[in-house]
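This report walks through a single protein model, from its overall make-up to a few local features.

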Amino acid sequence: MEAAMGLMRRIPPKQTETALSALLTLLPHHSSDLLSQVDQPLQVLSDVDHGKDFILCEYNRDADSYRSPWSNKYHPPLEDGALPSLELRKLEVEANDIFAIYRDQYYEGGISSVYMWEDDNEGFVACFLIKKDGSKTGHGRRGYLQEGGWDAIHVIEVGPEEEGVAHYRLTSTVMLSLTTDNESSGTFSLSGSIRRQMDMSLSVAEGHLCNMGRMIEEMESKLRNSLDQVYFGKTKEMVCTLRPPAEVVMRLPDS
């Protein structure tokens, strides 16, 4: 299992599904662990009743159906599918509306979904998802890439409130992939994923959504900086070392 997880951490995100399927065939007795621990690129389904797309993941899945955050119904229909309580469902609806604004401001398009459910510790868990297709044919507003995608998964475990304070544990995963094919850059492909965790105890005076929103905003800023330094920074350094710009001229020391 340790070797399988090490392999999955090194597989490009767009090949995750193929690699995971192969591992499930080789290690059927570890299937539940693999499916719960390996993050896959997010898929999208349309809620015909509301005319909106929603994101598919393990957190809104029951059997082979997926619950829409817009209608609270499963697609395809499932009679006894798990549903959040009325109070948590109200918070989920509000979170989807607010997170859609956040997504539009930061990502200039894309698809977002928020799912919530009760846990066994008298608290609840919330999953915030964003999928942005940055390709020329995608749903973004710029589309400079031949192919490109950003999948963000933020899972927040919220503990029970004690004296006006609740404990939050945020686990965030971002999967990035991009391919260019034009005269200026040629054919170039880059992909990878990064995962980070954050724990905070915060006052609930302003509500859970405010606290979770601030944590996600802070975490995404850190993840973008890390991706910029690790992937783009190192790639630029290696390219400039192997292929220095033509205008760089070696200067000899004065004699």
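## Overall make-up

The model described here is predicted, and its secondary structure comes to 5 helices and 10 strands. Of the 255 residues of the protein, 40% count as buried. Among contacts with a sequence separation of 6 or more, 50% are made by residues 24 or more positions apart.

## Packing of the helices α1 and α2

Two packed helices are described by the angle between their axes and the distance between the axes. For helix α1, which spans residues 2–10, and helix α2, which spans residues 16–26, that angle is about 165° and the axes are 10 Å apart. Because angles over 145 degrees count as roughly antiparallel, α1 and α2 are described as roughly antiparallel to each other. Their crossing is right-handed. On the α1 side the contact is made by Ala-4, Leu-7 and Met-8, and on the α2 side by Thr-16, Ala-19, Leu-20 and Leu-23.

## Salt bridges

Side chains of opposite charge can pair when their charged atoms come close. The structure holds 9 salt bridges, and two of them are found within helix α5, which covers residues 208–242. In one, the side chains of Lys-222 and Glu-218 meet with an N to O distance of 3.3 Å; these residues are 4 apart in the helix and are therefore separated by about one helical turn. Lys-222 is partly exposed, at a relative accessible area of 45%, and Glu-218 likewise counts as partly exposed, at 36%.

Elsewhere in the chain, salt bridges that share partners join Glu-58, Arg-61 and Asp-64 into one network. Asp-64 counts as exposed at 62% relative accessibility, while Arg-61 is partly exposed at 35%.

Asn-60 is found in the loop between β2 (52–56) and β3 (61–62). A polar atom of the Asn-60 side chain lies 3.3 Å from the backbone oxygen of Ile-55. Setting aside residues up to four places away in sequence, Asn-60 touches Phe-54, Ile-55, Ser-65, Tyr-66, Arg-67, Tyr-74 and Tyr-115.

Asp-39 lies in the loop between α3 (31–37) and β1 (43–47), and its relative accessibility of 19% places it in the buried class, for which the cut-off is under 20%. Once neighbours within four places in sequence are left aside, the residues in contact with Asp-39 are Thr-16, Ile-153, Thr-173, Met-175 and Arg-195. One of these, Thr-16, also takes part in the contact between α1 and α2. Asp-39 and Asp-151 are 112 residues apart in sequence, and their C-alpha atoms are 9.8 Å apart in space.

## Backbone geometry in the loops

Most residues other than glycine have a negative phi, and most peptide bonds are trans. A cis peptide bond joins His-75 and Pro-76, with omega about -10°, and Pro-76 is placed in the loop between β5 (74–75) and α4 (86–107).

Ala-63 is not a glycine, yet it has a positive phi of about 60°; its place is in the loop between β3 and β4 (65–67). Glu-122, again not a glycine, has a positive phi of about 65° and is found in the loop between β6 (111–118) and β7 (124–133). With a relative accessible area of 73%, Glu-122 is exposed.

Key
Residues numbered from 1 in each chain as written. Predicted model: local features only at pLDDT ≥ 70, side-chain atom pairs only at ≥ 80, totals over all residues. Heavy atoms only, no water. Salt bridge = Lys/Arg side-chain N within 4 Å of Asp/Glu carboxyl O. Buried < 20%, exposed > 50% of the residue type's maximum accessible area, 1.4 Å probe, protein only. Helix = DSSP H or I, 4+ residues; strand = E, 2+ residues; numbered from the N terminus. Polar contact = N/O pair within 3.5 Å; in protein donor to acceptor, adjacent residues only side chain to side chain. Contact = heavy atoms within 4.5 Å. Axes fitted to C-alpha atoms, helices over the stretch in contact; angles between N-to-C directions. Parallel < 35°, antiparallel > 145°, perpendicular 65-115°, else oblique. Left-handed = near helix turned anticlockwise from the far one by under 90°.
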